[in-house]
Amino acid sequence: MAGSNKIKITPPRWLLAELTYKCPLQCPYCSNPLDYAKHNEEISTDDWKRVLSEARKMGAVQLGFSGGEPLTRQDLPELVKHARELGYYSNLITSGYGLTEEKILQLKEAGLDHIQVSIQASSQDLNDHIAGTESFQSKQEVARLVKKHGYPMVLCVVIHRENIHQMSDILAMAEELGADYLELANTQYYGWAHANRDLLMPTQEQYQEAEAIAQAFKEKVAGKMKIYYVIPDFHESRPKACMNGWGTTFLTIAPDGLALPCHSARELPGLDCPNVNDQSIPEIWNESKAFNFFRGKEWMKEPCKSCDEQDKDFGGCRCQAYILTGDMNKTDPVCSKSPDNNIIKDAISSARKSALESDEKPLIFRNSKNSKSF
Amino acid sequence: MTISPEKIIQFSPLHRLQWEEAQQKDVILYPEGMVELNQSSAEILKMCDGTRALDAIVTDLEEKFNTTGLKNDITDFLEVALKNGWIKQD
């Protein structure tokens with residue numbers, strides 16, 4: 001544990017407010033915890049307002065309203081208004097499902113800055129299959145309305161083996177809808193995506209083909225649309241610089257008020273993540289065990305301990321190290337220097353084998369029934 | 001992308017320019033991102049309020065800071081700003 005006095009603590013810049021785990025969609029790569037159904041309590045409107053105020057006072061400026069589906073919270077406009085008064089830049093991260101023109105106007109009036117709409121595929125049948133809900137038409141309509149009312153429009157498409165062949169069509173759809181930003185998020189294997197990994201992970205060849213198409217498109221639309229490409233880290237030789245360093249930038253508050261250094265950290269053992277019902281945000285950020293656990297470099301083991309890239313990637317993702325090796329202190333196995341790198345190679349070949357087999361097992365969709373079985 | 005000298009320059013409606021007390025600097029905010037500005041960049045962007053073209057921005061800034069010869073630096077920065085979508089010219 002690294003909570004020594006010499007580490008300079010920087011204030012949070014990003015607050016991710018996961019308002020609820022309720023969601024009308026059932027995407028099988030959802031990043032919510034598998035057992036989310038167990039954590040069905042939600043903190044009150046006043047609690048959220050206090051969290052927003054305290055984090056803003058410390059220096060948080062980017063605010064994501066997320067979930068689950070944040071639109072299921074009836075107090076969303078009230079929270080948006082509070083955020084605007086505090087000077088946050090607020091991002092609504094939504095499935096778009098159930099978002100009416102009236103609501104879009106109401107949120108604009110309240111001071112919402114931007115709406116990110118997720119679309120699961122470029123065709124109706126695949127979108128509705130992946131989402132587990134008939135939603136393609138309404139998502140397209142929402143994307144148009146977001147644009148019509150002067151918001152920057154970010155389209156987010158999570159990429160996996162079921163839709164990666166649609167890359168050209170996905171790009172054309174983004175252009176047709178007038179997206180200002182397109183997030184091509186290669187699936188990260190946490191939560192539900194981890195459980196469905198064999199069925200979701202594309203092959204190396206599929207990634208290469210899709211990336212080449214996206215790259216050519218990026219040049220074509222330069223100046224009109226910005227593309228965020230979330231890299232498929234299993235196919236890289238170095239890990240991602242997770243959370244820009246633990247406890248340096250990002251603060252996530254889960255629906256039940258649990259404060260997390262990263263949205264997957266609930267599952268890490270022994271962190272004793274604090275709850276906003278018990279402690280203030282400055283106490284949580286500066287003093288809690290969880291937020292100090294991986295601050296700095298004292299915690300690192302070899303090969304990170306003596307690695308000249310430790311300031312670049314901070315040893316990679318703690319949650320990934322835990323999910324894949326059972327030890328959250330280890331080097332992220334994605335790194336080719338990791339002694340556990342064979343786990344990644346095995347995962348890639350297992351997914352490849354699954355892709356070539358005809359009798360694939362079915363995807364596990366993200367819903368309360370399945371969640372209760374974990 | 002280059003700045004047209006005769007056209008009015010406007011800060012992008014898809015971005016927000018804001019003073020951050022905690023950081024003691026001006027920043028540009030946009031979907032899920034932030035750019036921290038140094039003082040001179042912030043001063044230039046504040047002039048892009050939809051009332052001035054390039055020459056007026058240069059004149060007003062030279063007057064404000066009681067100096068001359070800023071045109072090249074201002075033009076260079078505005079071209080970067082245009083490329084990044086922080087400002088626009090219709």
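Trainee: How many bridges pair strand 1 of chain B with strand 5 of chain B, and in which sense?

Mentor: Two strands count as paired if DSSP finds at least two bridges between them. Here, strand 1 and strand 5 of chain B pair over 2 bridges in the antiparallel sense. Ile9(B), for instance, sits opposite Arg52(B) in strand 5 of chain B. A word on the source: this is a predicted model, where local features need pLDDT of at least 70, side-chain atom pairs count only at pLDDT 80 or more, and totals for chains, interfaces and linings use all residues. Residues are numbered from 1 along each chain as its sequence is written, while chains are lettered from A and ligands numbered from 1 in the order in which they are written.

Trainee: And where do the strand and helix numbers come from?

Mentor: They're DSSP runs numbered from the N terminus: helices are H or I with at least four residues, strands are E with at least two.

Trainee: What is the strand order in the open sheet of chain B?

Mentor: That sheet has 3 strands in the order 5-1-6, with antiparallel pairing. Strand 5 and strand 6 (87-88) of chain B are the edge strands, each pairing on one side only.

Trainee: Which strands of chain B form a hairpin?

Mentor: Strand 2 and strand 3 of chain B do, with 4 residues between them. They run antiparallel and are joined by 5 bridges. Trp19(B) has Asp26(B) in strand 3 of chain B as its bridge partner. Look at the turn too: Gln24(B) has a positive phi of about 55 degrees there.

Trainee: What does chain B use to touch chain A?

Mentor: Contact here means that the C-beta atoms of two residues, placed from the backbone, lie within 7 Å. On that basis, 13 residues of chain B are in contact with 17 residues of chain A. Strand 2 (16-20) and strand 3 (25-30) of chain B each supply at least two residues of the chain B side. The largest share, 3 residues, comes from strand 2 of chain B.

Trainee: How do the residues on that side divide into nonpolar, polar and charged?

Mentor: Ala, Val, Leu, Ile, Met, Phe, Trp, Tyr, Cys and Pro count as nonpolar, Asp, Glu, Lys and Arg as charged, and the others, Gly among them, as polar. The chain B side splits into 8 nonpolar, 2 polar and 3 charged.

Trainee: Which residues of helix 2 of chain B are buried?

Mentor: Buried means 20 or more other C-beta atoms within 10 Å of the residue's own, exposed means 12 or fewer, and partly exposed is in between, with C-beta atoms placed from the backbone. In helix 2 (residues 54-64) of chain B, the buried ones are Ile57(B), Val58(B) and Leu61(B). They cover an arc of only 95 degrees around the axis, so they're on the same side of helix 2 of chain B; the arc is that of the directions from the helix axis to the C-beta atoms. On the other side, Asp55(B) and Glu63(B) are exposed. The buried residues pack against strand 1 (9-11), helix 1 (39-46), strand 5 (49-52) and helix 3 (71-83) of chain B.

Trainee: Why does Phe314(A) count as buried?

Mentor: Because Phe314(A) has 25 C-beta neighbours inside 10 Å. Phe314(A) lies in the loop between helix 12 (310-313) and helix 13 (318-325) of chain A. Neighbours within four places in sequence aside, Phe314(A) is in contact with Ala241(A), Cys242(A), Gly245(A) and Trp246(A).
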